[in-house]
Number of protein chains: 2
Amino acid sequence: MGLTKTEMFTDLQNEISLFAKVLGHPARVAILQHLFKIDTCVCGDLVNEIGLAQPTISQHLKELKQLGLIKGNIEGTSVCYCINTENWTKMKEIMSQFLNLDILKKEDCC
Amino acid sequence: MGLTKTEMFTDLQNEISLFAKVLGHPARVAILQHLFKIDTCVCGDLVNEIGLAQPTISQHLKELKQLGLIKGNIEGTSVCYCINTENWTKMKEIMSQFLNLDILKKEDCC
DNA sequence: TTAATATATTGCAATATTACGATAAATATT
DNA sequence: AATATTTATCGTAATATTGCAATATATTAA
């Protein structure tokens, strides 16, 4: 089937998994790390930075943009990509709340 | 192709994406949340708790176990699953470090 | 206008993921 | 031993993901 049955889960569960999913590819992790590292707009040198073909990078950028984690502004013939810090913070809060479930836990049971 | 080119990325990038990937399905998120919530072993009532078929749950549990996020102890005819808190903490640290890349960032550029 | 440059989209092949019925394996109960 | 119970594995169908060549689109430069 390959089709996730989202209707049986809560909005939060689906939201967490969607964010996790988009971070679930090393190319997208690398893109985000690079955008943070240069701390400014990157105008398309991601194809050189990462070793994948231009259409592949473009596709990964599209997925990151769809989730709102990055934004792209057209600057002449190239596109200026950067982190959407506001949305990143929201994502981070949702993910952190989930990751921190262990702080309420008393002890291992088995 | 469907095949990720892991060899072009760093170990950390691959590790982050693997953790994110296993969290990238709402059923696995729900399983983890439930294991945290009951704060004790759960012996197979996950199938009732979540609405998916038994083999499907079993498969998701296998993936979580492979990444080390949960452990399962056989107790008679059932299996006692619970969070592997030690590994969860390690995972949380790796993911948090990545998610916190924004705190070094000065300002949005575009 | 024409050519050059940069990015997006399309189409497709290969592989991965999701889900579940059927069945196996392992232990408990009678 | 025979049966019941619980979980794992196998097999398979449907869908998703990844990657890239070819091509389209859009802007800039000549």
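Residues are numbered from 1 along each chain as its sequence is written, and chains are lettered from A in the order in which they are written. Because the model is predicted, local features need pLDDT of at least 70 and side-chain atom pairs count only at pLDDT 80 or more, while totals for chains, interfaces and linings use all residues; side-chain values use heavy atoms, without hydrogens and water.

Chain A is superposed on chain B by a rotation of 180° with 0.0 Å of shift along the axis, at an RMSD of 0.1 Å (least squares on the C-alpha atoms of residues with pLDDT of at least 70 in both copies). The two copies are thus related as by a two-fold rotation axis. In chain A, the C-alpha nearest this axis belongs to A:Ala20, at 2.4 Å. Of the interface residues of chain A, 98% are also interface residues in chain B, so the copies meet through the same surface.

The largest nonpolar core has 60 residues, of which A:Leu23, A:Trp88, B:Leu23 and B:Trp88 touch the most other members. Such a core is a set of buried Ala, Val, Leu, Ile, Met, Phe, Trp, Tyr and Cys residues joined through side-chain atoms within 4.5 Å; buried means under 20% relative accessible area, exposed over 50% and partly exposed in between, with a 1.4 Å probe and protein chains only. Not counting residues up to four places away in sequence, A:Trp88 touches A:Leu32, A:Phe36, A:Leu69 and A:Ile83, as well as B:Phe98, B:Leu99 and B:Asp102 (contact means heavy atoms within 4.5 Å).

A:Asp102 lies in the segment after helix α5 (85-99) of chain A and is buried, with a relative accessible area of 12%. Apart from neighbours within four places in sequence, A:Asp102 is in contact with B:Phe36, B:Trp88, B:Thr89 and B:Lys92. The C-alpha atoms of A:Asp102 and A:Lys62, 40 residues apart along the chain, are separated by 33 Å.

In chain B, Ser78 is part of strand β2 (residues 78-83); helices (H or I, at least four residues) and strands (E, at least two) are DSSP runs, numbered from the N terminus. B:Ser78 is partly exposed, with a relative accessible area of 24%. Leaving aside neighbours within four places in sequence, B:Ser78 is in contact with B:Cys43 and B:Asn73. B:Ser78 and B:Val42, 36 residues apart in sequence, are 9.4 Å apart in space, C-alpha to C-alpha.
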